[in-house]
Amino acid sequence: MSAPVTDKRSGFDIRDLKSLFGGGGSLKQFGILGALVAIIIIFQLWTGGKTLQPGNIINIVQQYSYILILAIGMVMVIIAGHIDLSVGSVAAFTGIIVALAMKDWNFPWWAAIILGLVVGGLIGAWQGFWVAYIGVPAFIVTLAGMLIWRGGNQFIGDSATVPVGAGFQVIGKGYLPELGPNLGVNNLTMLLGIVVVLILIGLEVRGRRTRAVMGATSAPAWTSVARVVVLGGVVLVAAYLFATGRVGTSFPVSGIILAVLVVAYSFLTNRTTIGRHIYAVGGNKHAAELSGVNSKRVNFFVMMNMSVLAALAGMIFVARSQASGPFDGTGWELDAIAAVFIGGAAVSGGIGTVAGSIIGGLVMAVLSNGLALKGISSDLVQIIKGLVLLIAVGVDVFNKSQGRPSIIGLMTRNQGGRGGQKLAEEPTSTQVSPGGGTPDTVVPADLKN
Amino acid sequence: METAHNAHPTILEMRSITKEFPGVKALDKVSLTVRAEEIHAICGENGAGKSTLMKVLSGVYPFGTYDGDIVYEGQVVRFRDIKQSEAAGIVIIHQELALIPELSITENIFLGNEPGRRGIINWVDAQRRAVELLARVGLDDDPDTQVKNIGVGKQQLVEIAKALNKNVKLLILDEPTAALNESDSQHLLDLIRGLKGKGISSIMISHKLNEIEQIADQITIIRDGKSIETLDVVADGVDEDRIIRGMVGRTLGNRFPEHTATIGEVFFEVRDWTVQHPLTAERLVVKNSSFTVRRGEVVGFAGLMGAGRTELAMSLFGRSYGKFISGQVFKDGEEIKLRTVAEAIGHGIAYVSEDRKSLGLNLLDTIKRSIVSAKLSKISRGVVVNELEEAQVSEQYRKSLRIKTPTVEEGVTKLSGGNQQKVVLAKWMFTDPDLLILDEPTRGIDVGAKAEVYQIIRDLAARGTGIIMISSELPELLGVSDRIYTIFEGKITNELPVAQADPETLMRSMTSSSQKAVA
């Protein structure tokens, strides 16, 4: 057992396949990613190729970017052990203020955006204050917020629709501009794709070097090559699709905002002290406090951050629909929460990832979009989405309680967690949460050691 | 003393029980024979298979998932779940008590077994029977008291009352005294012995070998999933060393390491430390306590549970307990303020809590992330954590503390208690403490791991770290400490160099005024 962990494995190993997508860190997404790919393929076939047409994927990004932005904030709130029901109302409240600022007070679009973020920050500080420093459960605080900010939106806006100008609409409706020679594609989009591929290669090389320095087990080199080829290929194909849509369209601005946020928040949650503190507080508040973590500040931060992101999501929505209305953002909180839980977070906190939540959100997005393409009515779409949420989390929980993987379990399974070795020891009664998700950073128990 | 038990018939025979989990044989042809009116102890290191065996017996692992036969009262039984084994009179009381804190004693006793008809509970009947049952276990609290308001010792008694209500014939106790202080433990052991006289056999799993020696008639030793031997306590003249030899398969030399440290000057001093109970304003849990720690010295704190040992330590550690009233802390001659945990860590103070699972670790986390969690700044630039350093640091601790795990990427839940404790120790060693406060550092870990923890403590002392060790186990305090304070009802009552300390003297100082049961 205490042998050094530098054994170089050779030959095929299922874990190498998994490490294609996890890179040794968060492997949880692998399963959900598999589900996403499966859903895309199913709808691609079922809709006769409409799903992956440029116009449609551009539409999906524009239509769901704000939900995915909410999911980023929501997963952090949920990891910390809270919930935020107010995001839709906060989005609507911010939207009306921003729209009025431009219409009545002649704010330029950029100043309006800053104003919107400040409004989100203030709302978040208000809610964070009640949650962190008074100790009112976030469920209650944000349920109150849901009413307060919805009412605020309708009070300020007189329950009317307020249009926004073209400059502002860019964040919701805009695309990367056409630049350079006309090659029949959107050059910037293709360039973006190539840059992303180069970054992927760079990260892969750096990752392998780091692991070598650590003397840790590295998957065989072919997995690295395969990973870069697969991921790079997906990126390039996606870039090509986005670049070859209707003239005047390309990769949406809202998609770029989303991508930047995903990268930034993945880094924040994985690699920074504040990220560690969020997981620590959600995993065991008392232990975190006894380790010197200021749990109040952490709770304040996640609640405030959520409202800032909700404000941003609200503005993108207003920009896309060209106006702020009294019912903007209705039900968003549920979509965001569903995305997070499909993405493998635990109801009891401590578990979840930004990437997983984004993939969970995309599962819902592709599903809704595909069903809409098939002309399924929205009442049925709701029923199906509800069932998907229930079944996805249910299968996860069931597998864990049974200690054996099934199809989705095999994909979402956290290797080693269900291995026999553990069960043999006096099993701890403190085995993970009811909510779903084994710890997401566990790496396979190497029984060969 | 224990004369006639051979005359009693066999009540339980587990024959050649084998239980496999994928890839691992947890139990390998284990046999166990328990006679009527017998207290049968099962000893073994953590992970030896004791709990698994009890789960097979009580139906948690149903018939069909194991090989071998269970013969109970002369018949082969096939329990499909706990309900069936309980109906047959086999009741298991787990280490983590299964009581509902918000419910009353009565409600807990009859939970799942409520007297009455068609779902309407007959509370008058329940109340009457509860009083009877409580009398049998020697508990005189009002049966309407909420369980959260009575101490762990009394909660344990409520569990036994609950078992008695089910007409228990064979009581299984998993580490029943792990969380109890000496007097509560003694009361519980007396009760178990009393039950034996009334025809109730017990199977007891415990790490406290002195208790086993004192109470058990027979001892079965399990090692690596195999039953090694069964000893008759009287006939075989069993003592602690004999049990340990069976458990570890070798004779442990000296269980306590040599004191090699050269003790330096006083560097840490607490004066007149007074702390108020967090809820009750008039109640002082720590009263005018003053003490000193020298460099390289292991200072023991002896006291019964509830005496204020943990409260003293936690209130020092960034006011993590109660309400600060008065007192001063000096380090290297200068007064320091320890208002938050972060401040305490900054001043080089570390506190390893007595409750590893609820206060010491985030059980969802990996080993490496746990180890660096109390001083992330040490491996961070600004707010960015250097994961390479994190891996290197934790790998060093894995080697130097011999944490048994294939990699530091494992979740901490997967470790045994002893190895979890090593992770907690590593976590606090990583903060480079000048003063390390250890609260019950060997609770719930097996004999081998204990010896390793003692060695780690002495090694740290040898490097000049001042150590405060709080422990309920007097032999451990006497074996590891250089100097011992005793604490009783929030006051420091005595201070003795270890050479002048013996269990009797300590116990007297720990109970200096009339001893009351602590609620």
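A cavity is a set of points, on a 1 Å grid over the protein atoms alone, where a 1.4 Å probe fits but cannot get out, and its lining residues have an atom within 4 Å of a point. The exercises below use a predicted model, in which local features need pLDDT of at least 70 and side-chain atom pairs count only at pLDDT 80 or more, while totals for chains, interfaces and linings use all residues. Residues are numbered from 1 along each chain as its sequence is written, chains are lettered from A and ligands numbered from 1 in the order in which they are written, and side-chain values use heavy atoms, with hydrogens and water left out.

**Exercise 1. Find how many cavities of 30 Å³ or more the model has, and describe the lining of the largest cavity.**

Solution. Begin with the count, which comes to 7 cavities of 30 Å³ or more. Next take the volume, meaning the space filled by probe spheres set on grid points that are joined across faces, edges and corners; for the largest cavity this volume is about 180 Å³. Then turn to its lining of 17 residues, where A:Ala280, B:Asn362, B:Asp365, B:Arg369 and B:Ser373 lie nearest the centre. Two or more lining residues are given by each of α11 (273–283) and α12 (285–289) of chain A and α12 (367–371) of chain B, and α11(A) supplies the largest share, namely 3 residues. Here helices (H or I, at least four residues) and strands (E, at least two) are DSSP runs numbered from the N terminus. Finally, sort the lining into 6 nonpolar, 7 polar and 4 charged residues, where Ala, Val, Leu, Ile, Met, Phe, Trp, Tyr, Cys and Pro count as nonpolar, Asp, Glu, Lys and Arg as charged, and the others, Gly among them, as polar.

**Exercise 2. Between which domains does the second largest cavity lie?**

Solution. The second largest cavity holds about 140 Å³ of space. Of its 14 lining residues, those closest to the centre are B:Ala178, B:Lys208, B:Arg443, B:Gly444 and B:Glu473. The lining as a whole divides into 4 nonpolar, 4 polar and 6 charged residues. Because domain 1 (10–89 + 169–251) and domain 3 (266–348 + 433–510) of chain B both give residues to this lining, the cavity lies between them; the domain bounds come from an automatic or database domain assignment.

**Exercise 3. Work out the strand order of the open sheet that contains β6 and β12 of chain B, and explain why these two stand at its edges.**

Solution. Reading across this open sheet of 6 strands in chain B gives β6-β9-β10-β3-β11-β12, with mixed pairing. Strands β6 (90–93) and β12 (226–232) each have a single partner strand, so one side of each is left without a neighbour in the sheet. Neighbouring strands are turned by 20° against each other on average, direction ignored. For a parallel pair, look at β3 (residues 39–43) and β10 (residues 201–205) of chain B, which are joined by 4 bridges; two strands pair if DSSP finds at least two bridges between them. Within this pair, B:Ile39 has B:Ser202 as its bridge partner. For an antiparallel pair, look at β11(B) and β12(B), joined by 6 bridges, where B:Ile221 is partnered by B:Glu229. The hairpin of these two strands has 2 residues between the strands, and B:Asp224 takes a positive phi near 50° there.

Technical notes: Axes are lines fitted to C-alpha atoms, for helices over the stretch in contact, and angles run from 0 to 180 degrees between N-to-C directions. On a 1 Å grid over the protein atoms alone, a cavity is a set of points where a 1.4 Å probe fits but cannot get out, and a pocket is an open set with protein on both sides within 12 Å along at least five of seven lines; lining residues have an atom within 4 Å of a point.
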